[in-house]
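Q: I'm new to this one. Can you walk me through it?

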Amino acid sequence: MEWSRLEGALQQQEPSAWLTHSVTLMEDFGTLLKLLKACRTVSDCAGKYPQAGRLLTKASMHPLIGTTKTLTRLVAKCVLEYTKYDFSGTMTATGMSIRARAWCIRRLQNLGRSTLITHPTTDRTISRNVDTLKKRLNERLKKHTMTDELMQQVGDRVFLVWCDDRAKDGVDAVLDAAIEWQALKRKRQQRDPEWTETRCTCFSEAVVQHLISPAMQTVRRYRNLAFRCKLWRAIPEVFEWEWMDLMDDQCEKELSDHLKMYRASSDHPNRYDRSPALILGVQLTPSLFYASLCIVASLLKAGCLDWRMMCIWQQVRRVNFFHEELHSDLPLSLSRLVTVFAELEKNAPSSFHSRFFMAHVQDLMDAIATYIYADSSGSLDERRNLVWLLAALFPHCLYRCASICFAWCQSYSAQPIQELQPVIRFLTWLIYPSLNPCVAKSTLIQAWLTSLQGFDTMPIHVVALQFMKHGRVVLDLHPVVGVECLLAMIDAAPSWSDDDCSFLVIRNRPCKATKTGIDAESV
């Protein structure tokens with residue numbers, strides 16, 4: 001193998017010189033292909049022929065490589081053989097690494113782009129190929145002959161032309177097929193009584209890694225929201241990465257960027273005017289809701305969910321909780337609980353009498369306890385976490401609970417505080433979540449509310465001090481509940497000036513490093 005001759009030929013940039021060396025290139029790459037086929041593993045190829053990887057990379061990026069189709073195919077075969085790329089779906093068994101697969105796909109993408117530039121395909125041909133692809137995918141799905149391996153092969157190949165706008169319909173077709181295939185697999189798995197939910201994808205890890213790479217970030221954001229939602233449904237790993245990236249960006253912001261959330265306003269349910277594209281996608285695509293809930297629950301379980309992340313999570317509340325598509329993806333027991341929450345949220349701003357509303361809150365608490373204990377004891381914590389996050393998405397309900405409490409503080413009435421037990425117990429459980437919400441210890445909250453009786457007639461600095469006695473803990477442990485309590489206080493004291501309201505908010509704002517969530521001590 002004459003490596004120096006091959007390298008010299010690849011340095012040619014003039015079309016005439018390139019054509020002169022094309023025969024030499026085909027001979028050398030033909031020889032290289034035979035040598036690579038004699039190797040059993042990727043490590044053998046790299047070890048015996050260390051120059052091969054560098055020269056294949058150089059060849060795949062050469063601007064004239066696509067002028068000769070025979071040479072292009074030969075280089076592609078060498079790339080596949082160098083990485084031992086296996087289309088049979090047994091790559092794991094052969095020990096092929098994720099890094100090698102990603103390397104292979106990138107070189108094939110380079111070759112594909114060069115071929116499209118030097119041998120442009122007509123729009124009619126592309127349309128015909130896309131129609132054929134759709135037809136074959138639909139036939140496989142209808143006849144139940146689709147397999148994970150075949151879906152992965154199609155996915156790997158179609159993303160070679162991901163950046164080509166002319167191939168967009170083909171990418172759409174593959175994403176649609178992947179979503180339908182996943183739905184069919186879930187239906188099959190649900191027939192099994194031993195089934196436990198797992199998120200699956202029809203695309204190789206190399207494709208996933210390529211899609212979440214920094215180089216593809218701009219390309220993903222260039223696509224319209226409908227396409228991105230389809231991508232997130234088809235490839236859960238990309239959707240999870242987008243969530244993590246959004247949360248990471250949120251944590252880099254300064255505290256001052258979030259203070260608007262805590263400003264008193266009569267229309268506080270509409271305080272989120274600008275939502276990130278990911279949140280808008282979840283709002284517009286209800287089937288992404290359950291995946292989002294599970295992803296944020298994983299952050300909560302890991303103990304890294306702080307109040308800034310909760311600000312982002314609460315924006316998901318604009319999703320249509322009555323949408324059939326949302327409930328089709330939820331476990332049945334969770335679907336029932338979501339309906340109870342949504343009905344209470346829908347009626348919370350109405351003129352319900354406090355006693356009537358509290359009766360519904362008691363029904364909600366019973367439904368929460370039923371859901372938490374609906375399955376095996378090994379998953380109690382996970383179900384408790386899901387409900388805790390779910391409750392943050394219903395601010396009208398939380399605000400009504402807080403306003404009932406602070407109306408009692410304001411009235412100096414003879415009504416015993418025990419009559420507020422349903423709403424106090426609910427708020428207590430959110431602040432100190434236990435596995436049994438029906439036995440939440442509310443003594444501290446009751447003492448705190450009692451200390452705030454007549455707050456609307458106190459000097460504002462005294463109110464701030466009294467609020468901080470326990471409100472500081474409320475804000476730190478559950479900022480959403482803390483915010484609703486602050487807003488309920490402010491709404492109950494119309495005589496306060498804007499400066500008074502700002503003073504109360506600033507004195508009780510969450511600490512920047514405060515973590516929120518479920519602590520082991522709360523169980």
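Q: Which residues gather in a patch of positive charge on the surface?
A: First, a note: this is a predicted model. The patch brings together K37, K69, R73 and K77.

Q: Which helix gives the most to the positive patch?
A: Helix α5, residues 69-83, with 3 residues. R73 lies in that helix.

Q: Is R73 buried or exposed?
A: R73 is exposed, because its relative accessible area is 52% and the cut-off for exposed is over 50%.

Q: Switching to salt bridges. How many does the structure hold?
A: The structure holds 10. One of them pairs D172 with K230, with the closest N and O atoms 3.9 Å apart. That pair links distant parts of the chain. D172 sits in helix α10 (residues 168-190) and K230 in helix α13, 58 residues apart.

Q: And how accessible are D172 and K230?
A: D172 counts as buried, at 12% relative accessibility. K230 counts as partly exposed, at 21%. The cut-off for buried is under 20%.

Q: Which residues do salt bridges with shared partners join into one network?
A: E2, R5, E27 and D28. Within it, E2 bridges to R5, the closest N and O atoms being 3.9 Å apart. E2 is partly exposed at 47%, and R5 is partly exposed at 33%.

Q: Back to α13. What caps its N-terminal end?
A: N224 does. A side-chain oxygen of N224 lies 3.3 Å from the backbone nitrogen of A226.

Q: Which residues of helix α13 are buried?
A: In α13, residues 225-234, they are F227, R228, C229, L231, W232 and A234.

Conventions:
Residues are numbered from 1 along each chain as its sequence is written. This is a predicted model: local features need pLDDT of at least 70, side-chain atom pairs count only at pLDDT 80 or more; totals for chains, interfaces and linings use all residues. Side-chain values use heavy atoms; hydrogens and water are left out. Patches are made of residues with over 30% relative accessible area and no salt bridge: like charges are joined within 9 Å, nonpolar side chains (Val, Leu, Ile, Met, Phe, Trp, Tyr) within 5 Å. Accessible areas come from the Shrake-Rupley method with a 1.4 Å probe; for residues, only the protein chains shown count as cover. A salt bridge is a side-chain nitrogen of Lys or Arg within 4 Å of a carboxyl oxygen of Asp or Glu. Lys and Arg count as positive and Asp and Glu as negative; His and the chain ends are not counted. The place of a charge is taken as NZ of Lys, CZ of Arg, CG of Asp or CD of Glu. Helices (H or I, at least four residues) and strands (E, at least two) are DSSP runs, numbered from the N terminus. Buried means under 20% relative accessible area, exposed over 50%, partly exposed in between (1.4 Å probe, protein chains only). A polar contact is a pair of N or O atoms within 3.5 Å; within protein, one must be able to donate a hydrogen and the other to accept it, and residues adjacent in sequence count only if both atoms are side-chain atoms.
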